[in-house]
Structure formats: C-alpha cells, structure tokens
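Thanks for coming. I will go through one structure today, starting with a single residue and then moving out to whole chains.

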Amino acid sequence: MIAHLFKMVWNRKRANSLLILEIFCAFLVLLAALSLGAYSALNYRQPLGFSIADVWLVFAEPPEEGAAENTAVIEQLRLTLKGREEVEAVANIEGCATPYMDSYCGASASYLGKSIEGIAWGRVSDDFREVAGLELIQGRWFEPADEALGWEPAVIDQRLSRALFGTEDPLGKEVGGPDRGDHTEIRVVGVISAYRKRGEWSGPEYFMFRRLKEGERGMFAVKLKPGTPASFEEPLTKVLQSVAGDWSIQLLALSELRGTAFKLRLALLAVAGIVAAFLMFMVGLGLLGVLWQNISRRTREIGLRRALGGTAQAVRRQILGELVLMTTLGVGLGLVVAVQVPLLEVVSSVSVEVYACGVGIALAMIYGLVLLCGLYPSRLATRIQPAEALHYE
Amino acid sequence: MLKNYLKTAFKVFLRRKFFTFVSLFGICFTLTVLMVVTAFLDHLFGPLPPEVKTDRTLAVFMLHGEAHQGENFNMWTGGPSYTFLDRYVRTLPDVERVSIFTSFTTSVPAVSFNGSEKVTSHLKYTDAAFWEILEFDFLEGGPFSAQDDRDANLVAVINQSTEKRFFGDTPALGRSFELEGRWFRVVGVVADVSILRLTPFADIWLPLGTSKSKEYLHSRDFQGRFQGLILARKAEDIPLIKEEFKRRLTQVEFPDPGLTSRLSGGAETFFELVSRMLLSNGLEDSHPGILLGAISGFMVLFMFLPTLNLVNLNLSRMEERSSEIGVRKAFGASSWTLVGQFVVENVLLALVGGALGLVLASLVLPAINNSGLIPYADFRLNYRVFGYGLITAVFFGVFSGVYPAWRMSRLHPVEALKGKTS
C-alpha cells in the first residue's frame with residue numbers, strides 16, 4: 001500500500017516536490033512561531049520573586065558627584081521618606097538591582113574550581129527585602145550588624161545556589177568572582193527563592209544581592225501603604241525638593257517602568273502570532289486550491305478505479321494517504337533542519353524541552369491543517385461517477 | 001498586444017473566483033506586512049524632519065572603552081561624556097557646526113504637576129547649535145539662543161503634546177510651567193518628534209546651562225550621558241570627518257588609564273550605529289552593508305512561502321488553460337510570447353494585490369500610531385514606502401509567474417489541445 005502511494009506521488013514528482021517544499025517551509029515558520037510562544041509562556045509563568053505593587057523609585061541626583069555634603073542630604077531624604085505616613089518602607093538601591101531597569105552589572109562566580117558565567121548582581125540596603133517582598137528560603141537577609149564584618153555578605157537566588165553548590169549547604173561559603181570592593185572575600189549569608197530583575201519575559205537568570213550602605217546612592221525604592229491615593233505624589237515631590245534644594249528629584253512608579261517594556265514585548269508576540277496565523281491560513285487556502293484542482297484533473301484515473309470495483313472509501317483513503325505521505329516527506333525534511341538548532345546550540349537561551357514542545361505542537365498543527373484541507377477534495381473524489389469519468393476518452 | 005493580455009487575464013480571474021481570491025489574499029497579506037515593515041524602517045532611519053540634512057550629519061552615540069591593568073580587564077560601552085565631546089569632537093577641523101546634548105537613553109522622565117494632573121516629560125539639555133543642525137518645525141516662537149545657554153536662563157522649547165498637557169488649548173508662548181521646583185518660560189513650541197528618533201527626541205528641550213547637575217563640566221571620565229552631532233560643510237566631507245575622528249580616538253590622552261586605555265567608536269549615522277551594535281556588539285567597525293543585506297534577505301525569505309504557494313496554485317491551474325495554450329501555439333506563438341503573457345497576468349494580479357495591500361497598510365499604520373505603544377510614533381506611507389511597495393509587488397509577480405509560465409509554454413500543441421498537462 002505504502003509502496004504504491006510512493007509510486008503515485010513519484011509519478012507527479014515535479015508538482016509534488018513543490019508542494020513538499022511548501023509544507024517544509026510552513027512547518028519551519030510554524031515551529032519558529034510556536035517555539036517563541038512556548039518560550040515566552042513558560043518564562044511568564046515562572047515566579048518573579050518580588051512584588052512591584054505600590055513600589056516607587058525616587059531618583060535624587062546631586063549637582064556635584066562626590067561632594068562632601070551629599071551623604072548628609074541623602075540621609076535627610078531617607079528620613080523624610082521614612083517619616084511620611086503613606087510610606088511603609090524605604091531602601092537604598094542601585095540601578096543594577098532595580099527590576100525592569102536597563103542597567104546591568106554582570107560577573108562570574110566560582111566555587112571549588114567550578115565557575116558560573118553571566119551572574120547579574122546589584123547592591124541594595126537592608127530594608128530592600130521588605131520593600132520588594134523577597135522570599136527568603138535559607139539563611140538570613142542583610143542587617144545593620146553586617147557593617148562590622150571583615151568580609152562582604154551576599155544573598156543569592158535559589159537557581160544560583162543550586163548551580164554553584166549543588167546539594168551542599170551554601171550558607172557561609174565563599175564565592176570568588178565579582179570585583180570585591182573594600183573586602184577581600186564575599187560569603188553567602190542567605191538564599192532567596194528568585195529575583196528575575198529583567199521581568200516576566202526574561203529567560204532564567206542568576207542573581208546575587210550585595211549590601212549597600214545607607215546613603216551611598218541617591219536612589220531609593222519606596223514601598224507605599226496599600227491603597228495610597230495617587231494624589232500623594234505631588235506633595236511628596238515638593239517636600240523632597242525642599243529638603244534637597246538644588247538636587248534633581250524624580251519619582252517613578254515601578255509599574256510604570258514595567259509597563260512600556262512589558263507592553264512592547266506583548267505586542268511583538270502578538271504580531272508574530274498574527275503573522276504566523278495568516279501565513280498558515282494562506283498556506284491552507286493554497287493547499288485546498290491545489291488539491292481541488294488535482295482531483296478534477298485525475299477524474300479519469302479515479303473513475304477507472306471506481307469502474308474496476310474500488311469503493312468510495314478506498315479512493316478517499318488513497319487521496320488522503322498520498323497527502324499524508326507528502327506531508328511526512330516535507331515535515332521530515334523540516335525535522336532534519338529543526339534538529340540542528342539544539343545540536344548546534346544556535347539559540348542557547350531556549351531549552352531543549354521548550355523546543356521539543358514547540359516541535360510537537362507544530363507537527364500536530366501541520367498534519368491537522370493538511371488533513372483539513374484534504375477533506376473536501378477527497379470527498380469530491382468519491383463523488384466521481386465511473387460512467388462520467390470514462391466518457392471523457 | 002498588452003491590451004489583449006490584460007483582457008484575457010481579467011477573464012481568467014473572473015472565471016474561477018475562489019482561486020483569484022486565494023492568490024489575491026496571499027499577495028495582499030504579504031505586501032501589507034512588508035509595507036508596514038518598510039514604513040517602520042523608514043520611520044527609524046529615513047530622512048524625516050527634523051533630521052533632514054542626513055547627507056551631511058554624523059553623530060557620536062556610543063563609545064567602547066577598554067583597560068588592561070595586570071590581570072584585571074575592564075570594559076564599558078556607553079555614551080560619551082561632555083568632557084570627551086568638548087575636547088575631541090567640538091574641535092574637529094573643517095566642520096560647519098558641532099552640537100553637544102544629553103542623550104535620551106539614560107534619562108528618567110521628569111514629573112511635574114499641573115493642578116492635580118501629573119505630567120511626565122522626557123527632558124533634553126542642549127546647546128544652541130542643536131537648533132541649527134536639526135530643522136524643527138516651530139509652531140510658535142523659536143529656539144533658545146547661545147546667550148540663554150551661557151546665562152542659564154530658565155527658558156524651554158516644548159512639543160505640541162506637552163503644550164496641551166500644561167496649557168490646554170491656549171498658546172503657550174511666553175507662559176511658564178514648573179519643572180523640578182523651577183519655573184521655565186516657553187520660548188518655542190515644536191511639532192511632536194517620535195521617540196524612535198533618538199537624536200532629536202524629547203518632550204521638553206532646555207539649555208544645557210540650566211542642568212541642575214554640573215558634574216558633566218569637570219568629570220574626567222570619558223563615559224557619560226551625552227551625544228555629539230556634527231554637521232559637515234558638504235556631503236563629500238563626511239568620509240574625511242569619519243577618518244579624522246578615528247585618528248583622534250587613537251591619540252586620546254587618557255586621564256585614568258586604569259579605567260580606559262583604549263577607545264573605539266565612530267562618528268556615524270544612526271543606521272551605522274545600529275549595525276555596529278547588532279553585528280559586532282559595538283566593538284568593531286560598522287558594516288551597514290551587511291545589515292542592509294540581512295534586512296533585504298529577511299524580506300525575501302518572508303516572501304518565499306507566499307510565492308511558493310502562488311507557484312503551486314498557478315501550476316495546478318495549467319489544465320484550465322491547456323486548450324488556450326494549444327490554440328495559440330498551433331497558430332504560431334513562440335514560447336517566449338506565452339511566457340510574456342503569463343508573467344504579465346501575474347504581475348497584474350500582484351499589482352492589484354499590492355494596491356489592496358497598500359489600502360490595508362494605510363489602515364494598519366494609524367492603528368499602530370494610535371495604540372500608544374510607541375509615544376509620538378508616526379508611521380506613514382510616503383512616496384518612498386509606496387515605491388518600495390511597488391517594487392516588491394512587481395518582484396513578487398515576476399518571481400511567482402516565471403516558473404509556471406515556462407512550464408505552460410513548453411506544452412506541445414497537440415498534447416495541449418487534447419487536454420494533457422504533463
């Protein structure tokens with residue numbers, strides 16, 4: 001049966017090879033769109049590790065960096081913020097530690113000869129855990145007493161802890177790596193569940209918190225009491241401005257920082273999805289047209305088969321069988337290409353599981369599409385009357 | 001002759017409406033996507049106001065610095081500092097104007113309050129030369145002067161949307177608004193500039209002298225938050241200026257060799273910057289040709305599937321036309337004549353599809369503009385985009401028509417008249 005189908009397909013190899021090429025291309029397009037979709041959906045569902053509800057950023061920029069009185073002004077600003085009744089918690093923070101901000105500090109870390117690349121790190125002060133609602137799963141967070149330590153404390157995320165220390169207890173272990181500042185060594189004091197600084201759409205990443213002394217940076221993360229009305233912003237800006245006269249003071253809701261990038265990413269995904277859907281619709285219509293035309297061209301052949309006793313079911317099976325065979329050839333070619341992606345590690349950020357999931361869905365969709373397009377033409381084929389067909393000659 | 005071809009084509013299109021619809025749908029959809037992409041690229045890189053003198057402007061957007069000190073290796077990529085631009089760009093010989101202003105990418109929007117309403121604006125601190133290199137469309141008033149910059153006068157140029165946010169529908173000229181605790185007087189109102197045009201974009205433009213932070217004036221660091229813009233006397237000088245800038249980078253005196261002991265970068269156009277960042281991560285020379293090739297290649301690749309679809313459709317329709325081909329061949333038409341006829345038919349179909357695509361694109365583009373995703377985006381179909389669309393449509397028609405036409409024209413007249421197709 002299959003050998004026979006091969007023969008039927010081979011007989012019209014020129015036209016069929018183009019159809020196979022089309023199915024091949026459609027499969028690759030679908031695979032790319034679905035892998036992107038699966039990758040985004042999986043990332044989106046991972047826990048962020050922090051909450052941005054009611055969190056605002058305050059940027060205070062001095063007229064002169066490094067001036068002697070700056071630390072005092074920053075401390076004044078911090079006390080002012082802390083004293084406001086709508087404020088729940090205030091922490092000093094750096095751009096490299098701020099969620100959704102473009103700033104990035106990267107380093108590698110090593111433990112017992114094992115080195116991990118691409119660790120994002122950033123410095124925050126003691127109250128940041130409360131501001132961002134971080135979930136501590138092991139050890140402790142930074143505390144004022146850390147000031148007196150002879151080494152620098154660090155809090156890492158669970159993923160990094162597993163990658164670096166495996167099943168060992170990470171607490172108290174020294175990590176080599178990022179430039180060490182005043183101290184000679186960095187030791188892990190705590191592990192948090194996650195901290196995906198770049199937000200919902202980013203792939204898995206490692207993060208390491210380092211401790212920032214209060215007043216070292218003129219940037220704050222502020223947690224407001226839930227239900228604070230939007231009208232708090234104007235008076236607060238005015239008060240801060242009056243505390244630090246010639247400084248530049250800016251307030252920004254973290255949700256606003258998230259908003260733009262988040263929306264753009266979503267729009268990009270939507271556009272990719274719409275374009276892929278339209279391409280598939282177009283391929284489907286085209287296939288329907290080609291098959292339809294082919295059936296009317298093969299009237300004589302099918303009629304003859306019916307006259308020699310072939311049942312309508314058998315004819316139908318033959319038409320669909322040929323189609324499935326061609327699809328398999330096209331998809332097979334596509335799979336040969338698709339396998340190269342994980343083999344050659346072209347896209348390293350997409351894991352093999354995600355990719356395999358994309359391949360599976362793409363396969364199902366291509367076969368579904370092709371069979372759907374073949375249904376009507378194959379029904380037409382069964383309706384061909386032997387008499388009418390033979391009368392042609 | 002052509003008239004007959006067109007007549008036949010029209011009849012063929014009407015005979016099987018389903019097939020005509022499928023072909024048109026494919027062409028129309030493909031061309032819509034391509035035209036939207038083209039409009040986007042044109043909006044990003046094309047010569048649009050206020051950047052109209054693109055043939056003689058160059059910018060210094062990004063520098064890349066490296067330092068080796070014993071085992072330590074330090075590197076950074078970022079905007080140049082004021083000090084660097086002032087020392088090595090402003091002094092470039094034989095240029096008409098040089099402007100130095102804060103770059104957009106590093107600034108956090110400023111918040112002001114107008115009554116109870118919150119106004120968020122992107123600020124740009126510039127010198128006076130900025131207004132001479134770029135040709136802004138002033139709706140009211142004019143730019144601030146070099147005098148304003150020197151004296152740190154609290155004056156501002158604002159865009160149309162900001163005018164509306166602060167002053168409603170009444171003219172803003174001469175009136176004042178509050179920004180970070182200071183009151184600025186409006187001296188000019190300009191039309192909105194898209195956020196994607198990094199060089200000119202801002203909501204509010206202020207004299208550099210009014211910047212609260214004076215850090216930039218004496219920071220010795222070469223990494224900073226500024227951008228330089230160079231206007232050449234004539235377009236032919238551009239390569240010379242690029243050369244000179246590259247030469248200067250090799251002769252820079254480094255204030256802090258531990259931080260930077262080698263600089264790379266370029267005086268370049270925005271397109272060259274993007275290709276440098278994308279292709280070599282900002283480290284090496286820019287290869288705009290490669291990026292252009294990649295974009296065109298991607299567009300052709302995108303057209304491949306729809307074209308294949310159309311080729312398959314056309315091939316399978318040969319049967320319908322076989323008797324026509326037989327008759328024409330029997331009466332002495334050469335294969336080339338037939339190929340010509342079928343290609344003309346396809347190009348006609350592609351042009352109709354292209355026209356529909358143009359209509360669709362002209363509906364999609366305003367929808368993107370109004371979605372608010374990209375502030376002040378103004379994607380538009382202009383004659384350049386239209387031209388590209390036309391070229392793609394013809395290309396599409398020829399590309400998808402040649403192979404089926406060649407197959408059709410090779411039919412033997414006797415066979416064709418009998419109704420055989422292969």
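Start with A:Ala314, which sits in helix α9, residues 312-344 of chain A. Helices here are DSSP runs of H or I with at least four residues, strands are runs of E with at least two, and both are numbered from the N terminus. A:Ala314 counts as buried because its relative accessibility is 18%; buried means under 20% relative accessible area, exposed over 50%, and partly exposed in between, with a 1.4 Å probe and protein chains only. From A:Ala314 to A:Ser242 is 72 residues in sequence and 88 Å in space, C-alpha to C-alpha.

A word on what you are looking at: this is a predicted model, where local features need pLDDT of at least 70, side-chain atom pairs count only at pLDDT 80 or more, and totals for chains, interfaces and linings use all residues. Residues are numbered from 1 along each chain as its sequence is written, chains are lettered from A and ligands numbered from 1 in the order in which they are written, and side-chain values use heavy atoms, with hydrogens and water left out.

Now chain A as a whole. It has 11 helices and 11 strands. What is its radius of gyration, against that of a compact globule of 393 residues? Chain A has 32 Å, whereas the globule would be near 21 Å. The radius is taken over C-alpha atoms, and the globule rule is 2.2 Å times the number of residues to the power 0.38. Along the principal axes, the C-alpha trace of chain A spans about 105 × 55 × 30 Å. Of the 393 residues in chain A, 50% are buried.

Chain B has 14 helices and 14 strands. The C-alpha box of chain B is roughly 90 × 60 × 40 Å along the principal axes, and 53% of the 422 residues are buried.

B:Glu66 is in strand β2, residues 63-69, and is buried at 15% relative accessible area. The other is helix α13, residues 383-409 of chain B: its 27 residues should span 39 Å at 1.5 Å a residue, and its end C-alpha atoms are 37 Å apart, which agrees. The expected span is 1.5 Å times one less than the number of residues. α13(B) also bends by about 35° at B:Val402, with B:Pro404 following within four residues. That bend is the angle between axes fitted to the seven residues ending there and the seven starting there.
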